[in-house]
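This report looks at how the parts of a protein chain pack together, and then at two individual residues. The structure comes first.

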Amino acid sequence: MQIGRDEAHASLMETLDRLEGTGSRIPCRAGPITSSTVWISEDPDDQVQAARRCVGCPALEQCDAYGLTFTREGGVWGGRTVAERRLVARRMRRAAAA
């Protein structure tokens, strides 16, 4: 049984909070607000910049799974841009249908 979007998002946020509490650096939460907006930007260049910052994030795998499961119109999830997530999601649907 798949959990809902709200539950999955809450779980991801709890993970980020827990990791931050242990001193781990969470790239999407680090830095000033102006630098944080690249994660929700619709500009492809901003998304590429944000995705590069995700490298090494301790929550990358969970965030990526969230982004692929719950398709978003914009923003970077799990180090993937919108275009990358759409491509991967399409491939996953094709593989599941085969």
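Predicted model: local features only at pLDDT ≥ 70, side-chain atom pairs only at ≥ 80, totals over all residues.

## Nonpolar cores

The largest nonpolar core has eleven residues in all, namely Ala8, Leu12, Leu16, Leu19, Ile26, Cys57, Ala59, Cys63, Tyr66, Phe70 and Trp77. The elements that contribute two or more residues to this core are α1, spanning 5-21, and α4, spanning 60-69, and α1 supplies the largest share, with four residues.

Leu12, a member of this core, touches Gln62, Cys63, Tyr66 and Trp77 when residues up to four places away in sequence are not counted.

## The pairing of α1 and α4

Helices α1 and α4 pack with their axes 10 Å apart and at an angle of about 160 degrees. Because angles over 145 degrees count as roughly antiparallel, α1 is described as roughly antiparallel to α4. The crossing of α1 and α4 is left-handed.

On the α1 side, the contact is made by Arg5, Ala8, His9, Ser11, Leu12 and Thr15, while α4 brings Gln62, Cys63 and Tyr66. By residue class, the contact of α1 with α4 divides into four nonpolar residues, four polar ones and one charged one. Among these contact residues are Ala8, Leu12, Cys63 and Tyr66, which also belong to the largest nonpolar core.

## Val38, in a loop

Val38 is found in the loop that lies between α2, residues 33-36, and α3, residues 44-53. Its relative accessibility is 7%, and because buried means under 20%, Val38 counts as buried.

Leaving out residues up to four places away in sequence, Val38 touches Asp46, Gln47, Gln49, Ala50 and Arg53. Cys28 is ten residues from Val38 in sequence, and the C-alpha atoms of Val38 and Cys28 are 8.8 Å apart in space.

## Glu84, in helix α5

Glu84 lies in α5, the helix made of residues 82-97. The relative accessibility of Glu84 is 38%, so that this residue counts as partly exposed, whereas Val38, at 7%, counts as buried.

Between the C-alpha atoms of Glu84 and Ala98 the separation is 21 Å, with the two residues 14 apart along the chain.

Methods
Residues numbered from 1 in each chain as written. Heavy atoms only, no water. Core = buried A, V, L, I, M, F, W, Y, C linked by side-chain atoms within 4.5 Å. Buried < 20%, exposed > 50% of the residue type's maximum accessible area, 1.4 Å probe, protein only. Contact = heavy atoms within 4.5 Å. Axes fitted to C-alpha atoms, helices over the stretch in contact; angles between N-to-C directions. Parallel < 35°, antiparallel > 145°, perpendicular 65-115°, else oblique. Left-handed = near helix turned anticlockwise from the far one by under 90°. Nonpolar A, V, L, I, M, F, W, Y, C, P; charged D, E, K, R; others polar.
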